[in-house]
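Hi,

Here's the structure I promised to pass on. Have a look at it first, then read my notes below.

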Amino acid sequence: MRGISCLMISLAALCACDRASKLDYQEQRPSEISIARLRAEAVGVSTIIRDDISVRGRVTANDAYGEYYKAVVIEDASGGIEIELDAYALYAMLPLYAEVTVHCQGLAIGRYGRMLELGAPPAGEYPSDRIAYGDIMKYITLRTEASAPVEPQNVQIALLDDSHIGRTVRIGCLHAAVPGLCWADTDYEGRYVDTQRRVVDADGRSIAVSISANALYAHEPMPAGEFSLTGIVEYHSAEYTLRITNRGIEEVREQ
């Protein structure tokens, strides 16, 4: 195989100076807090943010490949969080890897078990609602246009924990648990549906991979051999799961 090692290595130190690929922010405004601190503010199912605070991060997932619907994920050096937005074509409004500031006062942190989302205060049964289209630029400021991709953290399935939820990781040395399937299933009318596929690593540990019915590669077959996946860590049905982002499927080809 072409120099692809199954040994997982940690992300390079976040204090590196290359802001083009690292999530490292040296200058914070007095009202600016880390995403980890924002997540810690969630004390219940729904937490309304009363203080004048903001978070700054880079967009690491949006709807560019159909993997997220009316949502983006932003990350800083401390973690990541999904933001619910009532708009389409977010890839044009908030491009991948662009740096944004989210002004949080008046928004709500919704808790779904161990999963957290940032959105508008809930008007109904959900812990948070989508931020209305007309309010998006009120709460989100695009600071810089897209730059180099964010480097994912290389991690093994066995080492996933709550600190990875909402963050971009890369998991290597994977095989499809059931060979020969496409990434997504279809219903009786032939329409693609949201699907979870299990993949297995070199140690025999498995993880569920969430595939949106709208993903541009939903119809494509899973790799027949070894591959790696890059995506956002989530938590569903009492286990850590992975949502592929930015078509992060890399096949390992034999020489």
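**What I found**

The side chains of Ser206 and Arg198 are joined by a polar contact of 3.1 Å. Keep in mind that this is a predicted model.

Let's stay with Ser206 for a moment. You'll find Ser206 in strand S12, which covers residues 206-211. Besides Arg198, Ser206 is in contact with Ile157, Val199 and Val200, if you leave aside its neighbours within four places in sequence. Ala177 is 29 residues from Ser206 in sequence, with a C-alpha to C-alpha distance of 7.8 Å.

Now try Thr241, in strand S14 (residues 239-251). Thr241 has a relative accessible area of 1%, so it counts as buried. Not counting residues up to four places away in sequence, Thr241 touches a list of residues including Ile207, Ala208 and Ser210, as well as Gln196 and Tyr235.

Next, the nonpolar cores. The largest one has 27 residues, and Leu38, Ile74, Ile83, Leu85, Val102, Leu118 and Ile140 have the most contacts inside it. Among the elements that each supply at least two residues of this core are helix H1 (35-40), strand S3 (71-76) and helix H3 (136-139). Another core, of 26 residues, lies apart from it, and Leu160, Val169, Ile171 and Ala218 are among its members.

Finally, click on Leu85: leaving aside its neighbours within four places in sequence, its contacts include Val72, Leu90, Leu94, Ile136 and Ile140.

Cheers

Technical notes: Residues numbered from 1 in each chain as written. Predicted model: local features only at pLDDT ≥ 70, side-chain atom pairs only at ≥ 80, totals over all residues. Heavy atoms only, no water. Helix = DSSP H or I, 4+ residues; strand = E, 2+ residues; numbered from the N terminus. Contact = heavy atoms within 4.5 Å. Polar contact = N/O pair within 3.5 Å; in protein donor to acceptor, adjacent residues only side chain to side chain. Buried < 20%, exposed > 50% of the residue type's maximum accessible area, 1.4 Å probe, protein only. Core = buried A, V, L, I, M, F, W, Y, C linked by side-chain atoms within 4.5 Å.
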